[in-house]
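I set out to record the aromatic contacts of this structure. The entries follow in the order of the look-up.

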Amino acid sequence: MISKERLTHLKQLEAESIHILREVAAEFTNPVMMYSVGKDSSVMLHLALKAFAPSKPPFPMLHVDTTWKFQEMITFRDQRAIDLGFDLVVHSNPKGIAMGMSPFKHGSKVHTDIMKTQGLKQALNAGGYDAVIGGARRDEEKSRAKERIFSFRDKNHRWDPKNQRPELWNIYNTAIQKGESVRIFPISNWTELDIWQYIYLENIPIPSLYFSKEREVVEYEGTKILVDDERMPEELRKTAKKEMVRFRTLGCYPLTGAINSTATTLPEIIKEMLLSTSSEREGRIIDKDQEGAMEQKKIEGYF
Amino acid sequence: MENANKKIAKDIEGYLKEHENKDMLRFLTCGSVDDGKSTLIGRMLYDAKMVFDDQLAAVEGESKKYGTTGDKIDMALLVDGLQSEREQGITIDVAYRFFATEKRKFIIADTPGHEQYTRNMVTGASTADVAIILIDARKGILTQTKRHSFIVSLLGIEHVVVAINKMDLVDFSQNVFDETSKTYTELATELGIKNTYYIPVSALDGDNIVNESEKTPWYKGKTLLSLLDSMDISKEQKAEDFRFPVQYVNRPNLYFRGFCGTIVAGAVAVGDEITILPSGKTTKVKSIINAGDITEGDFSVTCENAYAPMAVTLTTEDEIDISRGDMIVHSKSVPRVSNSLKVMLVWMDENSMELNQNYDIKRGTAVVSGSFEHINYKVDVNTFKRKQVHSLGVNDIASCKMLLNQPIAADAYTTNRFTGSFIVVDRITNNTVGAGMILGVSRREDDLNKIQSNKYTDSEKALNQFIRENFPEWECKKV
């Protein structure tokens, strides 16, 4: 029998990601998967279920909770852990909590550094993980386009963009010394469209924040943000208006811009995305801090 | 694109249905700084409407700061990633870009073209189906064109698109295009490149990239994008040449023992007679789980057969010892098993390759220790001339004899990209120091003891060192 059959692009991407996840499970002693509750994490979790069925994924899911996530994200996360029975590890930087860290008071830069980057380092050190699986994609941002799928980190979790290991074929170098780690990005080659199409095709559950509905929002630093709890300063809350909005990415509610939209179903979301003229990260305040902001954050250990 | 937008607006579900069945194509772009490679990619993304307004706004700002195109938007800035590179105006590492059309999703490996980045180009070429080679119409085929073409052929890329760029600077002359195409055809023949395609383009202005150019009425061929969209890249594969490197043993309970991996060639069906290598034991396939079929609601879906490049889990009729690094094949088509391999090695590390030093060799999912016993010859990437050497420096490419401490099942790279390739890992720095392609597998296994037998006394080692230090012209090998 001679075949010229080819898999569709989504099936090829899926197979590649599963290969990567299995490689992690086989080669590292203490891997962990970052679970940020967003659509990319949802896809990663789905791929992990597929890769190891009939077993459960042989690693826990780690959520670095900045304490400023949308409330719905937390409810969704906990329900998924119950439904699927995976091990969930949640970490929030206790120093940040003690400081009363608030993006409204301290600004996005300090908040992200303390609650996200430092919080992540604490969680990784505490867990002693030698492999950290993340959901970053190469199409998200220019500095990500050059990152390897298996990306080496030194003892201080730092990335050296100019000194990366060559990565050829589907052979990944997983060798490290004690204390060092590798960050692994199984969905590196997926685009935002691929993610949405896959969610649609595979019927993967995602938080309802992605779908448009009437929500209370305020204008803040050039974007619209959700009135998610009473920690939002009084004077801001006073300006709240009800609008049909949804979110293209999910993060800390004061740092995640909402977009006006009528999309209430997956096909409508995809339609809106395809006809949109601005990129996915536009709603994220952290990228705008400085030029090359993401590259700098990644060097310091951000995902 | 305009039509696509109409379709999206009118019937998104119909559009999604069509797009579920897209194909995927990975291509590499080869060229140097001044060939306009980044400009070409930027142009493709821009004309294919893959650039968003906010990205364009950012690039407009940067164009004024770093740009090299005067008042025009510098397309290259859309793709030049790292801040340090933007300042220098060059691409120094492999960057991956993505775009899609109605028919295909594309992954671009954007690699630097200078000789000191040969290893980066090799990296980008390792996963590519197609290579685009840029030639400056004013300059024709240069040393670097030969080098890029050599690497492309070395890495087994079967389709080469020759984009003759900067046609605007030669008045879109058909003569220049024809001459360049003719000269390149000779080069392609010399290197054994199977399929070549020629297109006259101007990346700066977008001629024949996405849209047909009015300035080249004499050119009847396709634009770059429509060529990439329609090219047939499927390979005929025989089902019985099934190759399955075992990646992970899945054992949730006493009743299930599955072998996970990605099928890298051929196909497999329930009941097939299989051989486990290197042990040579045989059994039959009991069940196949295609990981892609698993859903949240059903963890026990099985299928009757599977083919490359599916990620699957196999169970066997007999309980025999199978572990990560083994290769499962059809008993009808068993590859050679040996510890002595003839390979083409690309050295990627600043520290040079030392003969007879132990490295970790990762081939597929198998990691074995091994060394290079002999360098048959080094290839000059610019002239293709062969040279005798005793060590390899960064970016050197050489034919070597590789000896492994244990035998593995292997195919020639030309037969199978995944069972015929390996990386070399330094055992102290853990860096990926080399990558190789298997040219041939020795029939004999009697080289196995050779590695251990070469034990030298301290005085012999001292003598060896003395000779190497004082009589370098003898080119004595290190022991």
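Which residues do ring pairs link into a cluster? I found Trp68(A), Phe70(A), Phe104(A), Tyr220(A), Phe247(A) and Tyr253(A) linked in this way. I took rings of Phe, Tyr and Trp (its six-membered ring) as paired if their centres lie within 6.5 Å, with planes under 30 degrees apart counted as stacked, over 60 as edge-to-face and the rest as tilted.

I note that the model is predicted, with pLDDT of at least 70 needed for local features and 80 or more for side-chain atom pairs, while totals for chains, interfaces and linings use all residues. Side-chain values use heavy atoms, without hydrogens and water.

Phe177(B) and Tyr219(B) are edge-to-face, because their ring centres are 6.0 Å apart and their planes stand at 75°. I place Phe177(B) in helix α8 and Tyr219(B) in the loop between β6 and α9 of chain B, 42 residues apart; helices (H or I, at least four residues) and strands (E, at least two) are DSSP runs, numbered from the N terminus.

I then checked burial, where buried means under 20% relative accessible area, exposed over 50% and partly exposed in between (1.4 Å probe, protein chains only). Phe177(B) is buried at 7%, and Tyr219(B) is buried at 15%.

I also recorded Tyr184(B) and Tyr198(B) as an edge-to-face pair, 6.2 Å centre to centre with 75° between the planes. Tyr184(B) lies in helix α8 and Tyr198(B) in strand β6 of chain B.

Definitions and conventions:
Residues numbered from 1 in each chain as written. Chains lettered and ligands numbered in written order.
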